[in-house]
Amino acid sequence: MRLQLIALLLATFPALAADFYVSLSGDDQNSGSQASPFASIAKARDAARELATKEDVTVHLADGVYYLPETLVFSPADSGTAEHPITYRATNEGKVVLSGGSQLDLAWETYRDGIYRAKTPAGLSVDQLFINGERRHMARYPNFDPNKTTSAYQGFAADAFSKERAANWKNPEGGYIHAMHVARWGGYHYRITGKKDDGTITYEGGWQNNRQMGMHRDFRMVENIFEELDAPGEWFHDEDEQFLYYYPQEGESVSQLKVEVVRLAQLIEFKGSEESPVKHLTLQGFTFRHAARTFMETKEPLLRSDWTIYRGGAVFLTGTEDVSILDSEFDQVGGNAIFFSNYNRRGLVRGCHLHDLGASGVCFVGDPDAVRDPLFEYAEVNDLSKIDRTPGPKTNNYPSDCTVADCLIAGVGRVERQPAGIQISMAARITLTDLSIYDCARSGINVSEGTWGGHLIDRCDVFDTVLETHDHGSFNSWGRDRYWRRDHAKTSQVAVDTEPNLPLLDAVETTIIRNSRWRCDHGWDIDLDDGSSNYKIYNNLMLAGGLKFREGYHREAFNNILINNGFHPHVWFANSDSRFHGNIATDAPRPVRLGGETWKQDIDRNFYTSEESLARSKSMGCDQNSVSGDPKYLNPSEGDFRVADDSEAIKFGFKNFPMDQFGVKKPSLKKIAQTPTMPTPRSSHSSNPPAPATPLRKYWLGAKLHSISGEDYSAFGTAKEDGGIELREVPANSPAAKAGLQKRDLIMSVSGTKVINEDGLFAALVASQINGDTSIKVIVIRDQKPVELSIKRNLNLAAEYTGQVSKLERKPVASNFQVSSSHPTQNAPLKSLTDGNITTGYGPMFPNGQGNACYRMDLGSVQSVKAINTWSNAATAPRANQHFTVYGSNASTDPKFDLSKFTPIGTVDTRSLGNQALQATSLSKADGQPLGSFRWILWQVSPINPAGENTSFQELSVELIK
């Protein structure tokens, strides 16, 4: 009876609800009913405000383009409640356009060279031009090429604003310079202010990147220059003369063009606060278009990340609770699409299509004043003895418990080059689920720092990212939190050893990345950079770039599949509680700048598809309990990388996870969403794996050298094209250490010559030797800062080049020292290396392709060595160049060819001097002191050209001090 009574009462008193209607054919003097609609959304908002919190209110908008005269603002007075929400809804999804622009009615006339022009209204300023609904490009140099998807700005030129180029510009003021960061960590933008009498362009700007290192020397573009109007689809607006110039695309008739220009940067703003929020309000089914570019307002730095940001977007929210943006399209907006700033709780973005965005898709950015001990520029540091030890934020002024779900985000960063599909900074518990994100100039998802974690990334499909930039990932994070310093080995590591909880002061909750698919062909699939802490990563399919951990604590990656790549441990903290285990990987770990042994035991119990990779990993001390085999992927060409039930990976503990749940689910969006290209899995599994190849070890000043490659440059904060030579080992008493060089220094130049790799270093050293320099200026990168050193020459490399033996100043002398080789030689016998004769034959030469083979000379007893001399000739091919590292040993027992029992003396590399008929080299101490006391001298040689040809050695000689 009681239930019947309640039902009767509900039927008698239905829920209160009100509906208002808006139409382009309406009038704000109308009642707002369906038969008598309003003309403006602002009027409907004011009417809805009268009923807010008292009834459910729905505002219905009829189809059409609504050109907003000003930003539409929702205040706390426009709030609903959980019982009585407020909804603004398009009658037909996607058919209602909210525009921040206006349509122009123009009378076109022919100008010249295919260009038309039309008079524009007085006072009109044009930042973006839309023709028939599509954004067109300002007149620019170089011209836009849509096929150059991974080329900076889809067209760049080093002379973009050179004096020579600018000589053709009458008045470039108001033009823009766009340039990539020197290390391609995003970009810069500048407004041209004029031209000097000498033709030099003047400009202002460059604040759009938080790593101020200057613009790239090549990747530059200029726009909004009248004289560069020379390609179909380009335009220029002359504000002084009030003319719009346009070069129509093929097939366009100027009499039929719909011309729209942009006025507003923000279309909708929710303007509340923590104390008085905008609540329970929903926008549904709209298309947002014609929001202005904001790149010159991108100035605010984000806590030591690489970013600066503009707090704004087509829809801007601050001080909200339970506000939703549903089933909407953000079409070619000039800056950020949606921006949750400071206090926001339980915000929801669902079922939306965001595409061709000037900057980022959805941003969640809190208040720096909510952060304890915040720092803003990368080089700034905290005194770790004085930082606040209180975990978490100081205030509630940040986004939290918000969700972006079931959305398609594509074409991110059409204007700015430091954007993300989703950007998170100073926020907590942001959920990202069922997202397809691709075609991004930089990251798909970016987490700028650890404040305050707790994010969930689930069932996402993120690919085709880092298209124009470098050193980044489809997922990227930084952890430059209050505990982190860039001189981490000396400070952060020591502090955390004493207080293990320091890394969790800001990253207070675990961020989870799971059940997602990633592909980055220009960086890492998942990149946990600079101190990123408190992550759990599992059930992810990584298709190209692998996984990187740099520094940081409390990270675990398990049950992931890494196709054609592997794990990249960079600059690992000791006792970091970070593990890589239970994964299927193709390649062995690729460590960069790691010290100690603790990191090796953190990489174990993985399944490798390549026995060679497993062997290589074990040789480094990792994966001692791992196995290899054929994973038996079910259907990799179709993206199904589950493994068969009888796969050895299953037996080893791997668990399959769904391969059909990545990305957007909404039918209308899934229908148009792209998916990543599937790679063909690379596998070298065999029953007899080859031994891992050992590259020629090279030494300078007693320091072991290593050329960085691929993505290794990330660990040093340098650009890929700048290269560099890492000092992998610097013994305490070595000449390198005495000269001030340190382990993990990165050599960038020698005596003003840029060195890209080891070959370049030795070419510079040989050139310096020829010049007779007694000291050399060396610039190294240390803790991501340049350091200049002046280093006295330690070794002399005397070298002779001649076509005739008779002209040699240093001639070989026969000796009775015995020579042996690590591998078989051909042509002449080994004893010919000490017979005192130089012939026109090949000598006892190693076969083509034979790398790291060794000649060894036995001096009979420990001797004081003055110089080590080597002769070679071209024979019948260019084989005179020398490329070897020489070692000495005074071991009490025969060391054979075990390099661990030898001391490196130095490396000789004469390949930079070109082909010579005859070469003679002599290695000695610059100060005339002995090279050392040795019984055995060993030459480890390496092929001298890409064809794998080895040097034609003629004579080996050791000068002794009697």
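Leaving aside its neighbours within four places in sequence, Asn 950 is in contact (heavy atoms within 4.5 Å) with Met 845, Phe 846, Pro 847, Asn 848, Gly 849, Gln 850, Arg 879, Val 941, Ser 942 and Pro 943. The model is predicted, so local features need pLDDT of at least 70 and side-chain atom pairs count only at pLDDT 80 or more, while totals for chains, interfaces and linings use all residues. Residues are numbered from 1 along each chain as its sequence is written, and side-chain values use heavy atoms, with hydrogens and water left out.

**Asn 950 and its loop**

- Asn 950 sits in the loop between β72 (932-941) and β73 (953-960), where strands are DSSP runs of E with at least two residues and helices are runs of H or I with at least four, numbered from the N terminus.
- With a relative accessible area of 1%, Asn 950 is buried (under 20%, whereas exposed is over 50% and partly exposed lies in between, using a 1.4 Å probe and protein chains only).
- A polar atom of the Asn 950 side chain lies 2.8 Å from the backbone oxygen of Pro 847, and Pro 847 is also one of the contacts of Asn 950.

**Two other residues**

- Gly 928, in the loop between β71 (918-925) and β72, is exposed because its relative accessible area is 56%.
- Glu 329 belongs to strand β28 (residues 329-331) and is partly exposed, at a relative accessible area of 23%.
- The side chain of Glu 329 makes a polar contact with the side chain of Thr 287 at 3.5 Å (a pair of N or O atoms within 3.5 Å, of which, within protein, one must be able to donate a hydrogen and the other to accept it, residues adjacent in sequence counting only if both atoms are side-chain atoms).
- The C-alpha atoms of Glu 329 and Gly 366 are separated by 25 Å, although the two residues are 37 residues apart along the chain.

**Helix α10**

- The 14 residues of α10 (residues 758-771) should span 20 Å at 1.5 Å a residue, and the end C-alpha atoms are 20 Å apart, which agrees; the expected span is 1.5 Å times one less than the number of residues.
- At the start of α10, a side-chain oxygen of Asn 757 comes within 3.0 Å of the backbone nitrogen of Gly 760.
- Just after the helix, Gly 772 takes a positive phi of about 80°.
- The buried residues of α10 include Leu 761, Phe 762 and Leu 765.

**The largest cavity**

- The largest cavity holds about 280 Å³ of space; a cavity is a set of points on a 1 Å grid over the protein atoms alone where a 1.4 Å probe fits but cannot get out, and lining residues have an atom within 4 Å of a point.
- Its volume is the space filled by probe spheres set on the points, which are joined across faces, edges and corners.
- Of the 21 residues that line the largest cavity, Trp 700, Leu 765, Arg 793, Leu 795 and Leu 797 lie nearest its centre, and Leu 765 is also among the buried residues of α10.
- β57 (699-700), α10, β63 (785-792), β64 (795-802) and β70 (903-909) each supply at least two lining residues, and the largest share, 5 residues, comes from β70.

Key
1 Å grid on protein atoms, 1.4 Å probe; cavity = no way out; pocket = protein on both sides within 12 Å on 5 of 7 lines; lining within 4 Å.
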